[in-house]
Amino acid sequence: MLFSSISFLYFFLPAVLILYFIVPKALKNTVLLLSGLVFYAWGEPRYCIIMVFSILVGYVFGLLIEKFRGKKLSKLFMILSVMVDLGLLVYFKYVDFFISNFNNVTGLSVPLLRIALPIGISFYTFQILSYTVDVYRGDVPAQKNPITLGAYISMFPQLIAGPIVRYSNVEKELRTRTHTLEKTFDGIIRFCVGFGKKILIANALGELCETFKATDEKTVLFYWLYAVAFSLHIYFDFSGYSDMAIGLGKIFGFTFMENFNYPYISKSVTEFWRRWHMSLGQWFRDYVYIPLGGNRVSLMKHLRNIFVVWFLTGFWHGADWNFIVWGLYFAVLLTLEKMWLGKYLARSKVLSRIYVLFLVVISFVIFNAAGMGEAMQYIGGMFGIGVEGFAGDMWLYNLRSYAFILVAAAIGATPVPKLLVKKLKETKAGSTAVAVLSPVFAAVIIILCTAFLVDGSFNPFLYFRF
């Protein structure tokens, strides 16, 4: 089930909210667990078994790790829990990638397993891993109640598209949390904003990208239009889902971390990755980069740590070489910035931002390609390699057709709208206007998005690969 669907918005979510708020406090986590399992099983019930198994594995190993803390068995159980969770992820997500590459290297024809990827397995696997590792470190106590742990892992607001919520951040709220009208209202507004970003902006930009891929009239400027459109598309799609998750979390009494902080205003690639998919970056920092030694090691080991983290970051996103290259591409850029480029970027306010936008747009062409062959073709096309025309009628037609959305997306990707609202709130009249118009704005978004969904408009889900 997707947030951006009629069935979720008008059937599933209202039913869950009514049930959640009428049951006593002791049963609220049970409602979250059961609703999460129903939400996940909606599309493919059999993969719900994998999630239940993962929850049980995390629960049992958490108890064993805590019981033998300070002894060798504790470390053994932690390693076993990591191996089981990563084993499931590798089997479902990467086994065909390994078989395919094995066949390419050896010339054999080992048949692919063609296993369907359980939605969100990368997200909930990382959440379970953070839980068991934190229990081993002594950062959190093992959860004695399997329903509470299950509610954390299967919580549908952030289940399939993040942010990656760590157990240590919500452990207290799982035990006791407050529900207020103010928090609920803020959550509803945040959900509606994310819903609008996904349906009204991201989906429209996604249509433009699909139009580009389907046409044979690919010119240099059309390649650039596609690259810019996809960069904005993935931002509004991903940040829109994160906004919806954070908003739903507030309604249920949870405070999820921010996942995006206007990454396209960054003055370096290093800053970009502090602002983009922040929950993933922090996860790799705390569970891979720092355990490897971080930057408190020799220069060569520090560079090794950067490349290991970014190889894994790329591979986490998808089982294909273009994702690995995408990750290593950022490893090279981050290394250059740490070694010498960063001090020059810090002196510039304009060129540094152009540098970031240019390199990030190129990166997302690699990210969205169907393999490295297509990635190189598209990047070549952006610079006139293998392309006959420079502009063309198709480019001009689509530029005109999507000009409003592109401009709105470009402005919306900056803090400008937020700053304008903040400025309004500084005056009494403006504050009153914002308070009155916020629910009207949310209602208009819901009505418009519903109209688009009922109309059967383009509504892709980018995270099947994750």
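Predicted model: local features only at pLDDT ≥ 70, side-chain atom pairs only at ≥ 80, totals over all residues.
Visitor: Left-handed or right-handed: which crossing does α8 make as it passes α17?

Guide: α8 passes α17 in a left-handed crossing (the near helix is turned anticlockwise from the far one by less than a right angle; clockwise would be right-handed). Helices here are DSSP runs of H or I, at least four residues, numbered from the N terminus.

Visitor: At what angle do α8 and α17 pack?

Guide: About 125 degrees, with their axes 10 Å apart (axes are lines fitted to C-alpha atoms over the stretch in contact, and angles run from 0 to 180 degrees between N-to-C directions). α8 and α17 are therefore oblique to each other (under 35 degrees is roughly parallel, over 145 roughly antiparallel, 65 to 115 roughly perpendicular, the rest oblique).

Visitor: Which residues make that contact?

Guide: Leu200, Ile201, Ala204 and Leu205 of α8 meet Ile405, Leu406 and Ala409 of α17 (contact means heavy atoms within 4.5 Å). By class, there are 7 nonpolar residues, no polar and no charged (Ala, Val, Leu, Ile, Met, Phe, Trp, Tyr, Cys and Pro are nonpolar, Asp, Glu, Lys and Arg charged, the others, Gly among them, polar).

Visitor: And how do α8 and α9 pack?

Guide: Their axes are 7 Å apart, at an angle of about 160 degrees. That makes α8 roughly antiparallel to α9. The contact of α8 with α9 has 24 nonpolar, 9 polar and 9 charged residues.

Visitor: What about α9 and α14: how do their axes cross?

Guide: At roughly 85 degrees, coming within 9 Å, with α14 covering residues 351–368. That makes α9 roughly perpendicular to α14. Among the residues that meet are Trp224 and Phe230 in α9, and Phe358 and Phe364 in α14. The contact of α9 with α14 divides into 13 nonpolar, 2 polar and no charged residues.

Visitor: New topic! Which helix gives the largest share of the largest pocket's lining?

Guide: α8, with 10 residues. α9, α17, α18 and α19 each supply at least two as well. By class, the lining has 22 nonpolar, 8 polar and 10 charged residues.

Conventions:
Residues numbered from 1 in each chain as written. Heavy atoms only, no water.
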